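Me: I have a model open and want to go through a few spots in it. Can you take some quick questions?
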Amino acid sequence: MIDAKRSPSRATILVVDDTPANIEVMHAMLQPDYEVLFATSGQEALELAVKTRPDLILLDILMPEMNGHEVCRRLKADLVTRDIPIIFVTALAAADNEEKGLKLGAIDYIVKPFSPSVLKARIANHLELKRYRDLLADLVWIDGLTGVRNRRYFDECFPREFRRAW
């Protein structure tokens, strides 16, 4: 039986912010419970997200060169990173900014300054939801009675394997 609440390793969180002080605060707050990676630019965040496939991304909007909205748009357009949950953590408190972020695919929007306990609770909730989503995605391919790959998996893989054999 697969247990979605038990994680074999610590979850990885990518913090994206161009202000080193903000990264230090986030790292100190999250490091006891999670593996914390950081990026100081949008381009660096995109590259790191593809390379490491973090469990969650905390993304600032106000960054030079490539803002958080564009980073989110590109992450959601990429097949490798589209399912990584993104939480905007930003100083932009206007409702239209929040709406835009959520419409781009972010799962949450937190305004700075934030309460560390609330941020940690939201992160924990979103990571649990991601574990359940990942579990459901895996279960789609497994027969519930036998525990082996099902017909849906066969139908998905057969054309690829057939082409590979030729």
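Me: Which strand is Thr90 found in?
Reply: This is a predicted model. Thr90 belongs to strand β4, which covers residues 86-90.

Me: Buried or exposed?
Reply: Thr90 is buried; its relative accessible area is 0%.

Me: What does the side chain of Thr90 reach?
Reply: The backbone nitrogen of Leu92, at 3.3 Å.

Me: And what is Thr90 in contact with, leaving aside neighbours within four places in sequence?
Reply: Asp60, Ile61 and Leu62, and also Tyr109, Ile110, Val111 and Lys112.

Me: Back to the strands. How many bridges pair β3 and β4?
Reply: There are 3 bridges, in the parallel sense. Leu58 has Ile87 as its bridge partner in β4. β3 also pairs with β1, again parallel, over 4 bridges, and there Ile57 is the partner of Leu14.

Me: Which way do the β3 side chains point?
Reply: Leu56 and Leu58 point one way, Ile57 and Leu59 the other, and all are buried.

Me: What lies between β3 and β4 in the β-α-β unit, and what is its hand?
Reply: Helix α3, residues 68-77; the unit is right-handed.

Me: New topic: α1. Which residues are buried there?
Reply: Ile23, Met26, Met29 and Leu30, in a helix spanning residues 20-30. Looking down the axis of α1, the buried residues fall within an arc of 130 degrees, so they line one face. Pro20, Glu24 and Ala28 are exposed on the other side.

Me: What do the buried residues of α1 pack against?
Reply: Strands β1, β2, β3 and β4, plus helix α5 (116-139).

How values were computed. Residues are numbered from 1 along each chain as its sequence is written. This is a predicted model: local features need pLDDT of at least 70, side-chain atom pairs count only at pLDDT 80 or more; totals for chains, interfaces and linings use all residues. Side-chain values use heavy atoms; hydrogens and water are left out. Helices (H or I, at least four residues) and strands (E, at least two) are DSSP runs, numbered from the N terminus. Buried means under 20% relative accessible area, exposed over 50%, partly exposed in between (1.4 Å probe, protein chains only). A polar contact is a pair of N or O atoms within 3.5 Å; within protein, one must be able to donate a hydrogen and the other to accept it, and residues adjacent in sequence count only if both atoms are side-chain atoms. Contact means heavy atoms within 4.5 Å. The arc is that of the directions from the helix axis to the C-beta atoms. Two strands pair if DSSP finds at least two bridges between them. A crossover is right-handed if, with the strands pointing away from the viewer, the path from the first strand over the helix to the second runs clockwise.
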